[in-house]
Amino acid sequence: MGESGSGKTVTALSVLKIVPKPGRIVQGKILFKDQDLLLKSEKEMQPIRGSEIAMIFQDPSSSLNPLYKVETQLKDVLLAHQSVSKEESHRKIVELLSLVGIPDPEIRMREFPHQFSGGMKQRVAIARALALQPTLLFADEPTTALDVTIQAQVLELLEDLKRKMGMSLVMITHDMGVIAKMTTRVVVMYAGNVYEIAKTEDLYEHPRHPYTALLLAAVPRLDRRKTLSIIPGNIPNLIEPPSGCRFHPRCKYAIDQCAESPPTLEQVDTDHYVACYRWSFLTLKGETSRK
Amino acid sequence: MEFSNVERRDEQKVTFESFIQVRDLVKYFPVYSTGVLTKKQVGVVHAVDHISFDIKKQETFALVGESGCGKTTTARVILNLIEPTSGEVIVDGENIFEKFAVASKEEKMKLRRKMQMIFQNPYGSLDPRMTVSDIISEPFVIHGHVPKEKRADRVYELLELVGLEEYHAERYPHEFSGGQRQRICIARALAVEPEFIVADEPVSSLDVSIRAQILNLLGNLQKTIGLSFLYISHDLSSVRQISQRVGVMYLGEIVELADTDELYDNPLHPYTQALIEAVPIPDPQVKNIRARLRGEVPSPITPPAGCRFNPRCPRATAYCTGREPELNEVKKGHFLACSSPS
C-alpha cells in the first residue's frame, strides 16, 4: 500500500528484474524459494518470469498489444516457455479464457483487444498472466481503471483464482478499501521506504505509524459519514527526499531525531513491524466498525 | 489557512428553495458511419435521456454513476457548454436555454458569472504558460468586476481562501503538486463570485492523502460562501462524505434520487444496491463487497427496451422489458424508477 511515487511498482518490477533503464538495483537481496534472484543471470531469470512470477498492470488497454488477436497473445506466452502442439495450445487458451470468466471463449479468442470492454481486457490480461500457472502474482492497481461494479467482479475473480490455483497474490494499490477486502498482510510504503508491516486487521485497528493512522482517517467510507482528517503538505520529491524519516515534514509527532536519521523497522507486536522513533509514545486511532 | 474538518451538514438540507431546476433534459449525440466520402447518420448516443432534478440553494447535489452514464454531459448541458436536444434548465427563475438564445453578449457574460466548473484533471485545466496570478485574475479581466488596482489583493484573498500562500501567485502551474493545482482551479472558479459550481470528479486524479484536503475545502467553502454545488463522481464514498442529496444515473437516466443518508442506508433500486455493495469499505471487519451484477453496461447507442437496467437486474420480470419505469416519489424526498422494487 502506498500513494503514487512510494515505490510500490518499482518494488514489483525489481523482483522480476525488469526495472526500466536508467533505473538499476543498487543493493539488497530478493529471495524467491530460497534463491537470490539478484544473483541470477538474465538467462536464468527468463524461465522464472511468467511461469513462476507473473504480473498484471493497471491499464489493460496498454498492456495488451492492439495489433494481435487475443489468441496470438496468449499463445506467445505458452510457446515462450514450453513446446506445445497446436491443438494443445488451442485447448489451453479456451480453458484459460473460460477460467477468467470470458463468455464464448472459442469466438472471443479470435478477436482483437479493442473489441473487448475494459473489464474484459483486464480478464484477458489476467488469463495471460496465469497461462503458465505462476506461484506468485503481482497485481499492480488491477482495478483502478475500472468501474466499481466491474472492479468488484475482477476482485472476486482474483480471489477465486488465488484459491483455485494456490498462488500467492501481491496487491499493489492505494485503495484502502481494496486492501481491507483482499489482503491478509500489508506493507505500508511512503516515499520509497517501508514504514509499517502488519496483518491487515491489526493494521486497520491498531496502526502504529502516524502516516498509516492519518491515511486511514483521511479516507471517506461508504457506510457512514465521518470527519475527514487532513494530512498536511504534499508527497515529497524523491530527487531530494527529506532527511531522516521521510514522513517527518508532514508528521505532527516529529521530534529532532526524526529529521536526523532514518528509523529502522522494529517489531512491536506479533507480526507487526514499524519504523518510527515515536511509536511507543503514541496512541493512534484506527479504523474499525466500532464507532 | 487550513480548514480542519467538515462537520455533518444535515441541518442545512431542508428549507432552501430550488436554485437550479432541470426539467426533462435530453442530450443525444449523432453517430456517423465511417465512410470516406459520405457522412451518414447511423444512430444516436442516448447520453442523457429525459432527466429531471433540482439543486437547492447552498446545497451539494451529487450525480453518481459509472463511466458513460451521462453525468458529465448533464453538467455540460446545465452550464450551456453544449446545446441540449430538448428540455429545460431553469436557473434562479430564468430558462437559460431561451435566455442564451436571445441574450446580448453582456447578458450572457452575466449568466456565465453565476456558474463555474472545476475539472477532473488539474494538469490539463491550467495553462502552463500563465502564472497563478494571471490564471486567477483572468476572470477579472474578462468580466471587469474587479477594478485593476484591487486585482492583486483579490488574488491573494482567493489564494488564502483555498489554502495557498501569497508567494504562490508568481509561480507557474508546473511548480505545484496535483492537490495544489486543484486549489488553484478552485480559486479561479471562485474569482467570478459564482453562485453555483460544478465539480466534475475533482478528487479522482489526486493522491489519497490529498483527497481529504480538497473534499474538506469544498465542504467548507460551501458553508462559508453559501455556494450550490453539483458534485459529479463515480466514487460513492466521497459522495456520501460531501453531498446532501444524490441522484444515481444509469445509461443516461436517473434511477434513484434521495437525501444522501437515506439513499445509502436504504437504497431501493437494484442498481443502487449493487453499486453500494460493490464498493470495498476501508475496514477489514466489514466484509461487505459482493459483485452482484453480471455483465457490463450496454451501449447507449442501442439501449435495452423498457427499463434500461433490466438485462443486468436480478429482479427483472417480463414487465420490465416492456415498459420504461418513471421516477416516482415513493417516500418523502425519495424518488425511484423501478417497476419491481424490493
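In chain A, strand 3 and strand 4 (residues 136-140) run parallel and are joined by four bridges, where strands are DSSP runs of E of at least two residues and helices are runs of H or I of at least four, both numbered from the N terminus, and where two strands pair if DSSP finds at least two bridges between them. The structure is a predicted model, in which local features need pLDDT of at least 70 and side-chain atom pairs count only at pLDDT 80 or more, while totals for chains, interfaces and linings use all residues. Residues are numbered from 1 along each chain as its sequence is written, and chains are lettered from A and ligands numbered from 1 in the order in which they are written.

In chain B, four strands form an open antiparallel sheet in the order 2-1-4-5. Strand 2 (41-56) and strand 5 (94-95) of chain B each have a single partner strand and stand at the edges, so one side of each is left without a neighbour in the sheet. Strand 1 (residues 18-32) and strand 4 (residues 86-91) of chain B pair in the antiparallel sense over five bridges, and Val22(B) has Val89(B) in strand 4 as its bridge partner.

Contacts between residues (C-beta atoms, placed from the backbone, within 7 Å) also link two helices of chain B: Ser133(B), Ile136(B), Ser137(B) and Phe140(B) in helix 4 meet Arg151(B), Arg154(B), Val155(B) and Leu158(B) in helix 5. By class, this contact comprises four nonpolar, two polar and two charged residues, with Ala, Val, Leu, Ile, Met, Phe, Trp, Tyr, Cys and Pro counted as nonpolar, Asp, Glu, Lys and Arg as charged, and the others, Gly among them, as polar.

Between the chains, 39 residues of chain B are in contact with 41 residues of chain A. Helix 7 (208-225), helix 8 (236-242) and helix 10 (270-278) of chain B each supply at least two residues of the side that touches chain A, and helix 7 gives the most, with six residues. That side of chain B divides into 19 nonpolar, twelve polar and eight charged residues.
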